[in-house]
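Please read it alongside the sequence and the coordinates.

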Amino acid sequence: MEFDLTPEITDEIIFAMEDQTGHFLYDSAECRCVSVREESDEDDDRYFAIPVWDSVSGFRMMDRFAAQLRNPVVREELRSALSAGHGVFRNFKNILRGHPEVERLWYQFKERELRRIVFDWYNSLREYWGLERIGMEPEETAEIVSQDFLFREFGPDDEGQLDILLSSVEREIAAEMPRELAESVLDVWNRIRGFQDEEDDSCVMVAENSEGEVVGSAFSHPVPEGSLLSAQLVDLSVFPEYRGLGIGKELLSRTIQYWTSRGYRWLLFSPPVYPSAFEPVLIRSGFADKGHLHVLDLSESSCH
């Protein structure tokens, strides 16, 4: 019996898929899922086996989520949990509980994946009925940052927390590079962002989590000093455990809005260090690629 796949039917099937207490069929006459024990053999075209969902399916979904997660810290924690060989599901959930922003991403990802599975199942039925496959409607994805973070301008009480954030970035640079190279990069970085915080025409945007902690910041000011047309974003920093959640993107957007509203024409951004994964955000925001900082190891180069 043919039927239309409504959101209510999709939810019904997903609920039955995740119920590990039995095996279920979809009853197209009653528009509900029934256990195999309730199924009647009188009308074979009335009942349809729903998609199989077991622990292997769940593990594979968790693995796909970890692989696509852009937050480097939580991604590695999840990968370690998945490769542990025991207590995988419990450890996976415990890690997510410690990172509520990522946990919300997981539930969004899981719901989207399960709906896609049900949709593919329904299209296979349509082919069985001799009907054309239909396309899945695009989903509206809400930005996680709008739910979990507050974006605002720098306040006097933020100075100490900003120092902690910037010190974290310095330690990250020092850990990833040879000592003398790290010192040189940090010197360049400090020179670039070495403007006076008390300048009235500078802009410092911060991102604050639900506990009132500053987890990201963006520094910008006119360049050259006193310019009314050009400004420079001299630093955009986010704690590693909060990356990949859209915080940097939102800080960038707020900074662009700030200078646009004041009639500025150009915004420059050329820090010596920033995650390579952030480059697509810059391009999508309209920044033109004018070159980056590259480092040549002279000990490995050949001059002819």
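The expected span of a helix is 1.5 Å times one less than its number of residues. Helix 5 has 29 residues and should therefore span 42 Å, which agrees with the 42 Å between its end C-alpha atoms. The model is a predicted one, and its protein chain holds ten helices and eight strands.

**Overall architecture**

- The protein chain has 304 residues, of which buried residues make up 40%.
- Among contacts with a separation of 6 or more, 60% are between residues 24 or more positions apart.
- The accessible surface of the protein chain is about 18300 Å², and carbon and sulfur atoms account for 50% of that area.

**Nonpolar core**

- In soluble globular proteins, nonpolar side chains tend to be buried together.
- The largest nonpolar core comprises 75 residues, and Phe65 and Ile247 are the members that touch the most others.
- Helix 5 (residues 100–128) is the greatest contributor to this core, supplying nine residues.
- Leaving aside residues up to four places away in sequence, Phe65 touches Leu78, Phe92, Leu96, Val102, Leu105, Trp106 and Phe109.
- After helix 5 comes Gly130, which has a positive phi near 80°.

**Nonpolar surface patch**

- Leu268 lies in strand 8 (residues 266–269).
- Leu268 counts as partly exposed because its relative accessibility is 40%, and partly exposed denotes the range between under 20% (buried) and over 50% (exposed).

- Side chains of opposite charge can pair when their charged atoms come close.
- The count of salt bridges in the model is 16.
- One of them joins the side chains of Asp11 and Arg115, with an N to O distance of 2.5 Å.
- This pair links distant parts of the chain, with Asp11 in helix 1 (residues 7–18) and Arg115 in helix 5, 104 residues apart.
- With a relative accessibility of 38%, Asp11 counts as partly exposed.
- A further salt bridge is formed by the side chains of Arg152 and Glu208, at 2.7 Å from N to O.
- This pair also links distant parts of the chain: Arg152 belongs to strand 4 (residues 150–153) and Glu208 to strand 5 (residues 203–208), and they are 56 residues apart.
- The two partners fall into separate accessibility classes: Arg152, at 23% relative accessibility, counts as partly exposed, whereas Glu208, at 15%, counts as buried.

- The side chains of Glu183 and Arg179 form a salt bridge of 3.2 Å, N to O.
- Glu183 and Arg179 are four residues apart in helix 8 (residues 179–192), so about one helical turn separates them.
- Glu183 has a relative accessible area of 44% and is therefore partly exposed, while Arg179, with 57%, is exposed.
- Elsewhere, salt bridges with shared partners join Asp11, Glu111 and Arg115 into one network.

Note on methods
Residues numbered from 1 in each chain as written. Predicted model: local features only at pLDDT ≥ 70, side-chain atom pairs only at ≥ 80, totals over all residues. Heavy atoms only, no water. Core = buried A, V, L, I, M, F, W, Y, C linked by side-chain atoms within 4.5 Å. Buried < 20%, exposed > 50% of the residue type's maximum accessible area, 1.4 Å probe, protein only. Helix = DSSP H or I, 4+ residues; strand = E, 2+ residues; numbered from the N terminus. Contact = heavy atoms within 4.5 Å. Areas by Shrake-Rupley, 256 points an atom, 1.4 Å probe, with all protein chains shown as cover. Salt bridge = Lys/Arg side-chain N within 4 Å of Asp/Glu carboxyl O.
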